[in-house]
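Subject: Structure for you to look at

Hi there,

Here is the structure I promised to pass on. Have a look at it first, and then read on for what I found.

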Amino acid sequence: MANAHAISALGLGRSSTAPTAPPAHHGNAATQAKLASTSPGQRVCILHIEQEEEHAAWLRAVGMHEGAEVTVLRRAPFGGPIHLRSGDGGEFAIHRDLARCIHVGSPDALPARGGSTA
Amino acid sequence: MSAAPSEAEAAWAPAPTPPPAQPASQPAVAHVALIGRPNSGKSSLYNLLTGGDAKVGNFPGVTVDILEASLSLGDGAVALVADLPGLYSIDAVIDPATDEGIARGFLDGVSARAEPLLVAQVIDATQLALGLRLTRELVARRLPLLVVVTQKDVLEREGRTLDTRKLEAAIGAPVVLVSSRAPESRAVVVEAFTHALAHPRTSATPEWDASRLAREVLSDAVQVSTEATRRRTFTARADAVLLHSFLGPFLFLALMAVVFAAVFLVADPVTAFFDGTVGKLRGLCERTLGASLLTSFLTDGVIAGAGTVLAYVPQIAILTLAMEVLDASGYLARGAFLLDRLLRVLGLSGRSFLPLLMGHACAIPAIASTRIIRDPRERLTTILVVPLMTCSARLPTYALILTTFFASRGAWFKAGVFIALYFAGMLSGLVASLVLRRTATKGRSLPLLLEMPSYRMPEWKVVLRKGWQSAARFVRDVGRTIVVVAAILWALLKVPAPEMLQTAPASAPPIEHSIAAAIGHRLEPITRPLGFDWRIDVGLIGSFGAREVMVGTLGVIFGIENAGDDVSPLSKKIRDAKLPNGAQAYSPRTGLALLAFFVLACQCMSTIAAIRKETKTWRWPIFVLAYTYGIAYVLAFVVYQLGGLFHLS
């Protein structure tokens with residue numbers, strides 16, 4: 001678990017300028033939203049994962065960590081999963097229920113990135 | 001496939017024994033554990049290093065197959081290379097049965113035995129930041145580490161460079177950049193293994209951030225190369241069609257239909273060829289040895305059992321190949337994406353769809369294919385319900401029952417019943433999964449996240465080898481159980497029981513004197529409420545091993561030769577069968593009850609052996625036997641009794 005905490009700390013470190021209570025001046029819809037309500041084409045930044053610690057640690061390991069930028073590509077019909085691309089270079093399908101537990105904000109809150117790794 | 005037999009021989013050769021005179025500096029054979037995220041190119045690298053040779057390693061406490069092969073190192077020593085399952089983390093272990101838990105168990109086991117170990121982490125260069133998250137965990141555990149970054153060719157084509165020196169300095173472990181598909185990469189990796197094993201390095205606490213480090217060491221494309229654009233737009237364009245809300249599911253179903261057609265078009269002739277060969281072998285055996293109990297044991301027991309094994313091989317090979325192609329191309333994850341919502345209602349996810357669909361052809365490859373399901377509880381649930389799907393082996397029995405008991409009904413009625421039987425199989429599977437997820441397999445699951453890899457051209461050598469290996473493993477592991485059960489069933493059906501020699505008339509067919517007949521008579525009071533007499537019970541005993549044997553066994557009981565070729569004489573005999581008091585033995589009620597029984601009961605020792613092999617315990621195969629026979633009995637009882645209420649006689 002010590003390492004899970006290390007990852008957690010890392011995640012928080014990455015999102016030091018994108019804390020769990022994001023700055024209010026970003027008035028767009030993504031500022032204080034859930035991943036589940038993000039529209040296709042929208043690019044957002046993960047702020048907080050509302051899951052028990054072991055599940056959150058697994059999600060971070062997969063690539064859904066605090067500070068990660070994700071772009072929603074599409075939603076499966078009838079409330080199915082959401083297809084998204086991570087700024088770290090992977091694409092994922094995330095179930096709608098889980099996406100409701102992921103708080104996202106505007107990626108502008110992050111420091112400028114030096115380039116894509118994808 | 002021509003080279004396959006020699007590879008298989010190598011694959012199943014005994015474990016290479018360590019060289020007898022080890023240098024004092026190397027007391028034991030070193031382990032190299034290949035570790036990496038799913039789709040990181042780990043299998044390609046393993047294939048490049050070992051030429052695909054693989055045996056299932058024997059690792060204490062590890063409950064899944066971990067492939068292992070020996071590799072000659074540059075300094076003349078030999079290392080055992082183990083291909084661990086693809087995983088995201090070794091710290092975030094939600095359940096010991098997940099791939100993450102298995103890998104951690106393996107690493108802990110090797111460390112506990114103090115054997116020399118090198119962890120070779122494979123990272124896809126195009127997902128460097130994601131791979132480095134796992135590197136952080138490995139570094140923090142102070143494991144002797146080598147990082148193998150693959151997809152060098154892709155980086156080159158995109159005009160990008162990886163600063164391996166800078167990466168090495170940051171993580172404190174050696175780094176090599178290779179292309180798993182280029183043969184010359186093998187020497188580079190073997191050299192790196194040799195050096196890393198001779199000079200093990202464990203680094204300090206990682207004080208770097210994965211995403212930031214990836215950006216620092218990997219240059220952006222100098223210019224947006226046409227190759228990079230083409231690769232990305234291809235996946236995006238393909239997804240626009242294949243994941244389209246309406247078009248996507250139709251294309252998926254069409255593709256599945258093609259796979260099924262291939263199973264029946266390609267596998268059936270091969271199966272028929274095997275059948276013919278086995279038939280000739282039986283004939284040869286009978287002519288050479290003459291009629292005796294031993295000949296009967298060899299032909300009707302051992303060779304017939306081996307024939308059952310061979311009959312499944314073509315289906316297993318084709319379904320495994322199809323699944324490997326779908327998985328390696330990246331499409332399998334898309335199918336799971338499309339169907340996830342539907343299966344979520346039933347406590348399963350999109351990944352369960354393919355095994356459940358394959359179960360409609362044959363449960364054995366379907367059970368093996370559940371390895372694609374990452375969540376261990378969901379995987380177990382799928383394994384437990386796959387035997388309820390209407391596999392192709394049920395069809396001859398359904399046909400016999402329909403012809404026998406509903407001879408006067410029209411073709412539409414029979415077609416309707418056939419379709420209803422298919423739906424009954426699916427419905428029972430879905431109800432069973434709902435119940436199991438709340439009882440036997442309840443518990444914590446992995447979060448509902450699925451990686452969607454880019455579309456890639458499958459490596460045909462890898463795909464063909466996997467198809468061959470799964471067929472070879474089936475023959476070796478499952479085949480043994482089948483032949484043993486076939487031999488036991490032969491004894492039950494052929495060896496006379498003393499009590500039957502006294503009670504049954506001497507002129508009766510030998511099967512009426514058998515141990516199976518004695519058991520059938522004993523079972524009769526239990527099966528009477530289902531409308532089954534001792535003859536049907538004997539048929540059910542005979543078909544315990546393989547349900548399609550029901551037709552042949554009933555043929556023997558009713559004295560019809562080759563009942564499998566044409567069921568109409570047997571149907572007539574069954575229709576006309578009388579009870580000792582002269583009353584009609586069977587009615588359409590019996591037929592319906594039998595159909596209900598066949599829909600649910602897991603009358604397939606191959607399936608049982610496959611479940612044993614996948615779950616590594618006898619607990620779950622016994623559970624499947626108990627629950628499927630239990631509900632089969634109850635449903636057959638309900639159907640027969642309801643039939644009586646509606647005067648179906």
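At roughly what angle do the axes of helix α15 and helix α17 of chain B cross? Please keep in mind as you look that this is a predicted model. The answer is roughly 140°, and the axes of α15 (residues 376-385) and α17 (residues 411-438) come within 9 Å. The crossing of α15(B) past α17(B) is right-handed. On the α15(B) side the contact is made by B:R377, B:E378, B:T381, B:L384 and B:V385, which meet B:G429, B:A432, B:S433, B:L436 and B:R437 in α17(B). Sorted by class, the residues of this contact are 4 nonpolar, 3 polar and 3 charged.

While you are at α17, please look at B:Y422, which is found in that helix of chain B. With a relative accessible area of 26%, B:Y422 is partly exposed. Leaving out residues up to four places away in sequence, B:Y422 touches B:H360, B:T390 and B:L395.

Another helix pair in chain B is worth a view. Helix α2 (residues 42-50) and helix α7 (residues 185-198) pack at an angle of about 90°, with their axes 9 Å apart. That angle makes α2(B) roughly perpendicular to α7(B). From α2(B), B:L45, B:L48 and B:L49 meet B:S185, B:R186, B:V189, B:V190 and B:F193 of α7(B). By class, this contact has 6 nonpolar residues, 1 polar and 1 charged.

In soluble globular proteins, nonpolar side chains tend to be buried together. The largest nonpolar core here has 120 residues, and B:F474, B:F532, B:F558 and B:L594 touch the most other members. Helix α11 (residues 293-329) of chain B supplies the largest share of this core, 10 residues. Not counting residues up to four places away in sequence, B:F474 touches B:V309, B:Y312, B:V313, B:I316, B:I364, B:G479 and B:I482. A second, separate core has 38 residues, including B:A33, B:A82, B:L84 and B:A173.

Two backbone spots deserve a glance too. In chain A, the phi of A:F78 is near 55°, a positive value in a residue other than glycine. A:F78 is found in the loop between β3 (69-75) and β4 (82-86) of chain A, and this residue is exposed, with a relative accessible area of 73%. In chain B, B:Q151 is not a glycine either, but has a positive phi of about 75°. B:Q151 lies in the loop between β6 (145-150) and α5 (152-157) of chain B, and at 16% relative accessibility B:Q151 counts as buried.

Finally, chain A as a whole. Its secondary structure comes to 3 helices and 6 strands, and along the sequence they follow the pattern α-β-β-α-β-β-β-α-β. Chain A has 118 residues, of which 57% count as buried. Among its contacts between residues at least 6 apart in sequence, 62% join residues at least 24 apart.

Definitions and conventions:
Residues numbered from 1 in each chain as written. Chains lettered and ligands numbered in written order. Predicted model: local features only at pLDDT ≥ 70, side-chain atom pairs only at ≥ 80, totals over all residues. Heavy atoms only, no water. Axes fitted to C-alpha atoms, helices over the stretch in contact; angles between N-to-C directions. Helix = DSSP H or I, 4+ residues; strand = E, 2+ residues; numbered from the N terminus. Parallel < 35°, antiparallel > 145°, perpendicular 65-115°, else oblique. Contact = heavy atoms within 4.5 Å. Nonpolar A, V, L, I, M, F, W, Y, C, P; charged D, E, K, R; others polar. Left-handed = near helix turned anticlockwise from the far one by under 90°. Core = buried A, V, L, I, M, F, W, Y, C linked by side-chain atoms within 4.5 Å. Buried < 20%, exposed > 50% of the residue type's maximum accessible area, 1.4 Å probe, protein only.
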